[in-house]
Amino acid sequence: MKSNPPCWNCETQTDVVDFRCKVCKKIQKIGKTNPYDIFSLKKNYKIDYDELESQYFRLQNIFHPDKFINSDNNEKKISAIESSNINNAYNLLNDNVGRINLLLRSKGLKEFSEDNKSFSDNVLLEEVMELQSRCLKIESDNEKKEIRLELKKKIQLLELQIDELFEKKKFSEVEKLSVKLSYFEKINKNLI
Ligand SMILES: [Zn+2]
């Protein structure tokens, strides 16, 4: 087991239980920056959303600033910082495009930026434009439902493909599909 850094308060080198020093019971920093590590998840594209959520609630239950109203300033500070880190990490992992960036970055690859997202792919361009124009013409709730269902299927298929490509380490292909994914997600969000 990796040993924790000594407690910031009593300087004891000890195990922590639920991020509290065993000796003085003060809250300790999480000490992790990668969102996957914060939630103890394997660095895969496909994640267990239920597991993510239960880890999220477990951690917020420990670090939420409401629990430190009567604590000293150091603990208040740790709680505020970690609680906001937990939120950011949760939002990033919950976002299927954000996760691609996270994984590319943790593999030492450059994440793709918004500026790099161009329509080099004419088939994709047509697909997106067709969908957008259909969305503009929506006249009934049923029509809307239909398009959303269609989009959901497209997104699910893309996610499967992206997961496979990550496993095969075909990162430039991942990047291509992630452009597609982010457009579909945008259209989907505008439909809600
Ligand atoms: Zn301590």
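Helix axes here are lines fitted to C-alpha atoms over the stretch in contact, and angles run from 0 to 180 degrees between N-to-C directions. Keep that in mind for the helix pairs below. The model is predicted.

**Stop 1: α6 and α7.** Select residues 141-167, helix α6, and residues 171-191, helix α7. The two pack at an angle of about 155°, with axes 10 Å apart. Angles over 145 degrees count as roughly antiparallel, so α6 is roughly antiparallel to α7. The crossing of α6 past α7 is left-handed.

Now show side chains. On the α6 side, the contact includes Ile147, Leu151, Ile155, Leu158, Ile162, Leu165 and Phe166. Also on α6, look for Lys144, Arg148, Lys154 and Gln161. On the α7 side, pick out Val174, Leu177, Leu181, Phe184, Ile187 and Leu191, among others. Glu173, Ser178, Lys180, Glu185 and Asn188 of α7 take part too. Color by class: this contact has 13 nonpolar, three polar and six charged residues.

**Stop 2: along α6.** Then step past the helix to Lys169. This residue follows α6 and has a positive phi, near 60°.

**Stop 3: α5 against α7.** From α5, select Leu124, Val128, Leu131, Gln132 and Cys135. From α7, select Lys180, Tyr183, Ile187, Asn190 and Leu191. By class, the contact has seven nonpolar, two polar and one charged residues.

**Stop 4: Cys135.** Center on Cys135, in helix α5. What does Cys135 touch beyond its neighbours within four places in sequence? Its contacts there are Ile147, Ile187, Asn190 and Leu191. Cys135 counts as partly exposed, because it has 17 C-beta neighbours inside 10 Å. Next, draw a line to Thr14. The two C-alpha atoms are separated by 58 Å, and the residues are 121 apart along the chain.

**Stop 5: Ser71.** Move to the loop between α2 (49-63) and α3 (73-94), where Ser71 sits. Ser71 has 15 C-beta neighbours inside 10 Å, so this residue counts as partly exposed. Ser71 and Lys26 are 45 residues apart in sequence, yet 9.1 Å apart in space, C-alpha to C-alpha.

How values were computed:
Residues numbered from 1 in each chain as written. Predicted model: local features only at pLDDT ≥ 70, side-chain atom pairs only at ≥ 80, totals over all residues. Helix = DSSP H or I, 4+ residues; strand = E, 2+ residues; numbered from the N terminus. Buried ≥ 20, exposed ≤ 12 C-beta atoms within 10 Å, placed from the backbone. Expected span 1.5 Å × (residues − 1). Parallel < 35°, antiparallel > 145°, perpendicular 65-115°, else oblique. Left-handed = near helix turned anticlockwise from the far one by under 90°. Contact = placed C-beta atoms within 7 Å. Nonpolar A, V, L, I, M, F, W, Y, C, P; charged D, E, K, R; others polar.
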